[in-house]
Amino acid sequence: MRKLLSLFAMMVLVSIACRAGNVDWSYKLIGDNTADPSLEITANIERGFHLYAFDNPELGSNPLVMTFDLKGCSLVGKPVPNKAYSKEFNDIFGVEEHYWTGTVKFTQKLKPTAASYTAKVEITGQVCNDGSCFQVFGSHKFEGKSPVAEAKEETPKAAEEEKKADEAIEESKANEVANMVDSLQSSQPALVPGVNLSNADTSDWWANVEAEFKVFEDNPSQQSRSLWYIFIAGFLGGLIALVTPCVWPMIPMTVSFFLKQNKTRRKSIIAAITYGASIIVIYVLLGLIVTAIFGASALNELATSAGFNIAFFLLLVLFAISFMGGFEITLPSSWSNKMDSKVDSTTGYLSIFFMAFTLALVSFSCTGPIIGTLLVEAAATSNFISPAIGMAGFSIALALPFTLFAIFPTVLKSVPKSGGWMNTVKVVLGFLELALALKFLSVADLAYGWRILDREVFISLWIVIFALLGVYLLGKITFPHDTKVEKTGVTRFLLACISLSFAVYMIPGLWGAPLKSISAFAPPVSTQDFNLYDGSVHATSSDYEEGMRMARDLKKPVMIDFSGFGCVNCRKMEAAVWTNPEVKSIIEEDYVLITLMVDDKKPLPEPIEVKESDGTERTLRTYGDKWSYLERTKFGANAQPYYVLVDNNGKPLAQPYGYDENITKYLQFLRSGIERYNSQNK
């Protein structure tokens, strides 16, 4: 087990390392404390990639851009590379592109105008190889000194003008922040540089509007629905865990133990209830511990991070291989031995509790993948108690038969005996784990824009997996621990038909069919390269300020869609509700749709320093950070999907709408926003 975990850790590290940046930037200040300093910026370009030049043609790839923010100094000329760029004609763009490879060093000369100076550089650009392109970013702040006397003698007037200009900039920034603070409630912090406040109207776009929601009629709580979803998912997971080889044989053994150990039926029932309650307590405590260690928001960030999703993808693949008989994953035997010794050395209810703990340890190889998947799903809801609710559902389903069979022992005789069918269940779970693993890889792929698992690739893999599952159930494929199938039973035949039919059902998805039943798992239709389907709804803008300006110019209300690449319910809403012709027509014709991905890992041009409502300082580094901050500070929410209708000043037009696939309600929601917007404009 230890070797297996070490191998897994190495695989994760290698996977993450392979996705490191394609350009490594280094910075150096040359000639500090002299009258002629210069900045040296070095780009180490990954082998096989091209970094496009400052003057790359407009129709080609994105050119390199260096933006300088200066205090106490000025630029002398432009950045000068230490070598000429290469030229190559691009057949796709139809232009001759200019690019560097290997290592290139840029020198930017400065002229100090004060005794001390700072120069901050922000770098953007693009690198490409033969197969893909990536955006590159760099940022660094230089600080230096110059001879004061010399600077004053040479440019006394320039230094004075520079000082006045710096003071004017500082005053302008202070006024900007003050205006933003006034626009928000006193408990809500203001965004500082990075939020566009070029005119007075835009300040309202970030103003908190939670109080204004109260004028609308409240909708049923979306939170309670999500918690019920997590509980039901946990309960179903527990039922699946029951029929695995690690748990099922334990049921008659444990119930028989209680019946034999206790002289009366009443004591047997109490012991069984205590055993079931102990199972529930153990797993609920596990859910609470996971949340207490990470916190709800940290779990949500973890659930959308590339490293975590890749790690979980690899982990599920390992579990799938284990389920199929490749190897056995078990916890150290010393753990279960210690629990056994505790059972022997204690008496009464404490002994029963340790028996339940032993079950949890022994059954880990079968329940581990189910528990892990459930905890990740619960973490993505951003609700503090979701992991505990999920574990409660799982443990109740797991504990139920131990209690029921102790109360009704005669029913135990009709329960199917352990046998080869249990390994079949395990192998089927292996196929399902393999299919589910692709969902986690897809989340990382979407969040970082790698485009290695687009929708048609994902669907192709699922078609193959479920077709092979159907063939396996028919007995045409066998795995190491399978017993030979002499005759195909009715149950296996029906399950094979379902699996093969599901594979056939997904085939039209390769050409863009919506496939509503798997919309929660598959990447969005927008990632499809070849799409013959025209029923999808596409966002007008993926930037908040840009979308608000478009709506103001078009004189239309705005629908803000807080979504996420890893949001299962978002995909469900897009496939089940947005594809309705009437819903699609209203969104596209009557609204400006702004879709904001809260797990978008694309870096902001410049980090934004903010203060949260609790006073803690935070730096927003990605667009996902920015849109998540907007949702929290303006609307007081942190869930996806989350739909808000606002006017051109950012004021709400209706109560926000969460996950609810009721098309009638959604149409009411959309129409109420239009009616209120039109009445305001009258």
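Is Asn33 buried, exposed or partly exposed, and what is its relative accessible area? Asn33 is partly exposed, with a relative accessible area of 49%. The views below come from a predicted model, in which local features need pLDDT of at least 70, side-chain atom pairs count only at pLDDT 80 or more, and totals for chains, interfaces and linings use all residues. Residues are numbered from 1 along each chain as its sequence is written, and side-chain values use heavy atoms, with hydrogens and water left out.

**View A. Asn33 sits in the loop between β1 (23–30) and β2 (38–45).** Although Asn33 is not a glycine, its phi is positive, about 65°. Most residues other than glycine have a negative phi. Here, buried means under 20% relative accessible area, exposed over 50%, and partly exposed in between (1.4 Å probe, protein chains only). Strands (E, at least two residues) and helices (H or I, at least four) are DSSP runs, numbered from the N terminus.

**View B. Helix α16 (residues 544–554) has a buried side and another side with exposed residues.** Tyr544, Glu545, Gly547, Met548 and Ala551 are the buried residues to look for. They lie on the same side of α16 because they cover an arc of only 160° around the axis; the arc is that of the directions from the helix axis to the C-beta atoms. Asp553 and Leu554, on the other side of α16, are exposed. The cover over the buried residues includes β11 (558–563), β12 (592–597), α19 (623–635) and β15 (642–646).

View C. Lys555 belongs to the loop between α16 and β11, and counts as exposed because its relative accessible area is 64%.

**View D. Arg492 is a buried residue of helix α15.** Arg492 counts as buried because its relative accessibility is 18%. Leaving aside neighbours within four places in sequence, Arg492 is in contact (heavy atoms within 4.5 Å) with Thr424, Tyr472, Leu473, Gly475 and Val485.

**View E. Val504 lies in helix α15 (residues 490–506).** Val504 is exposed, with a relative accessible area of 53%.
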